[in-house]
Amino acid sequence: MWFAPLTNELLDSPSESFCVPLSEHRSLAPNRSIIPGTTLQWCYDSTSLTLLQGCLRKYNFRLLQGYQPRELPPPLSWGRDFHTCKETYHKCIASGLDHETSVLRTAKLAMLLGERLLSLDTSRTKETLVRSVVWYLEEYRDDPLKTALLPDGSPAVELSFMLPVFDLEVGPTDELPPLSLTDILNELDYSPTPHQLIEIVRGGRKLFGKLIPGKMEFHAEHFDACLEAFYSITVHFSGHIDRVVHFGDEVFVTDYKSSKYALTSDWIRGFDRSIQFMGYYTAAQIMSSLPNTVFPSPPAGVIVDGLQLGVTFTRFARFPLRYYPSTAEEFLQNFEALVRCKAEPAARLGLYPFESESECNHFRRRDGTGGCEFRRVCNLPAPAREQELKKGFLKSTWDPSQSR
Amino acid sequence: MTSFSNLLAQTTQAPPTDAPQTLADTLRKHAKDLTDEDLTMLVAGLREQRTRWNAAQASGSRERVTSKKIPVKPAQVSLSGFAIKKPTI
């Protein structure tokens with residue numbers, strides 16, 4: 001079932017105009033962010049980087065093997081639905097609907113989405129979703145943050161990006177078997193020109209790799225250089241920005257975060273080293289230097305749109321987090337280090353050990369709930385783990401190379 | 001002395017049919033069954049709840065403004081300004 005907010009219709013299949021899926025969608029498609037024949041990603045988002053930084057075993061279970069809990073944790077499913085509602089409101093406004101009609105359509109969507117929320121958490125229910133959406137739109141009716149517009153005039157909300165970051169040299173894989181000049185010549189029943197030879201090598205790189213300069217003169221001694229390029233992948237950083245806003249004469253990226261706890265300075269300090277926020281800022285920095293960009297100037301940082309969810313109220317607070325070009329530089333260095341020092345050796349050696357105990361207990365509450373969802377699996381002897389994963393989890397591909 | 005059967009009768013008594021509808025009742029409705037009027041009432045009820053909660057916060061009260069405390073009523077349609085057009089002969 002789908003909901004088309006612009007026409008206020010419920011549809012059995014998506015129409016050409018903007019519509020929102022109302023049923024859970026679990027992707028079982030192959031993860032195209034992983035280089036075929038390997039367990040190495042060529043495209044990372046903040047989720048995969050956070051997993052990679054936290055615990056290699058969790059990264060393997062969740063990202064490489066694609067296991068996720070049968071029921072999404074309430075904060076994730078609630079947050080996803082709130083994002084969808086806010087995106088819908090902005091799209092309604094951008095399509096010419098007035099504020100009041102847009103609020104009504106968004107409230108209807110919140111009711112529809114709220115019905116699929118599981119009542120495991122009293123502060124993340126259908127009622128808190130509908131209430132938070134309507135209260136938010138009231139709270140920020142005359143929003144000082146003005147949504148930026150894309151060059152085509154559409155609002156800069158829910159923006160997907162994928163940016164090349166660095167080249168990584170990898171060895172031959174199943175997809176890219178060892179290659180020698182003799183192999184190529186033996187395969188062919190004709191004598192290729194130097195140009196054809198380069199094209200043959202280049203043609204093997206359907207998936208990745210930097211282009212060999214077209215003017216390169218081919219000589220036998222250049223073959224090693226061609227091979228180096230053949231076995232290089234360009235590692236990308238991808239993601240999904242909630243909204244780009246103008247605040248005064250500055251530009252910020254915003255992100256919504258909900259919490260059951262008070263929105264204090266302690267709460268916001270929890271995001272100090274957030275890979276997600278530093279990543280968004282870095283991506284925005286890079287995009288601001290590209291032509292036809294939504295960023296008229298380099299971004300000043302990230303504004304966290306905080307929502308405190310009570311059973312009978314929702315409280316709002318905004319926190320600007322300022323970053324500097326050095327933040328972006330450090331993020332890119334850390335990104336490269338994580339891939340070179342953790343992802344690539346782990347993929348090459350096929351080793352995914354569990355890591356610090358603090359990762360297992362991250363977000364673990366005093367009542368024993370929370371923490372890493374794979375703790376139960378990890379505690380079992382290695383031969384029993386796969387069966388437990390199949391029994392207690394569902395497969396769902398998290399593919400950073402696909403825009404949402 | 002109240003007997004058990006009396007208590008049972010009280011607790012199982014159907015609510016009076018003219019009981020005012022609350023925001024909680026509207027929120028419980030299935031989204032697919034919502035009419036445009038229901039939606040308008042829902043949004044108006046949530047705004048009322050927010051106003052009351054803000055007022056309670058401003059006065060330092062710790063009152064819980066639950067959705068059960070917010071009555072919702074159908075939007076009043078104002079007929080002022082409407083008139084039957086006199087047929088022209």
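Predicted model: local features only at pLDDT ≥ 70, side-chain atom pairs only at ≥ 80, totals over all residues.

**Where two helices cross**

Guide: Helix H5 (residues 126-139) of chain A and helix H3 (residues 36-58) of chain B have axes that come within 10 Å and cross at roughly 70 degrees. The axes are lines fitted to C-alpha atoms, for helices over the stretch in contact, with angles from 0 to 180 degrees between N-to-C directions; helices (H or I, at least four residues) and strands (E, at least two) are DSSP runs numbered from the N terminus.

Residues are numbered from 1 along each chain as its sequence is written, chains are lettered from A and ligands numbered from 1 in the order written, and side-chain values use heavy atoms, without hydrogens and water.

On the H5(A) side, the residues in contact (heavy atoms within 4.5 Å) include A:Val130, A:Val134 and A:Trp135. Among those they meet in H3(B) are B:Leu42, B:Leu46, B:Arg47 and B:Trp53. The residues of this helix contact divide into 7 nonpolar, 1 polar and 5 charged. Here Ala, Val, Leu, Ile, Met, Phe, Trp, Tyr, Cys and Pro count as nonpolar, Asp, Glu, Lys and Arg as charged, and the others, Gly among them, as polar.

B:Arg47 also forms a salt bridge with A:Glu100, with the closest N and O atoms 2.7 Å apart. A salt bridge is a side-chain nitrogen of Lys or Arg within 4 Å of a carboxyl oxygen of Asp or Glu. Between chain A and chain B the count is 3 salt bridges.

For the chains as a whole, 24 residues of chain A are in contact with 23 residues of chain B.
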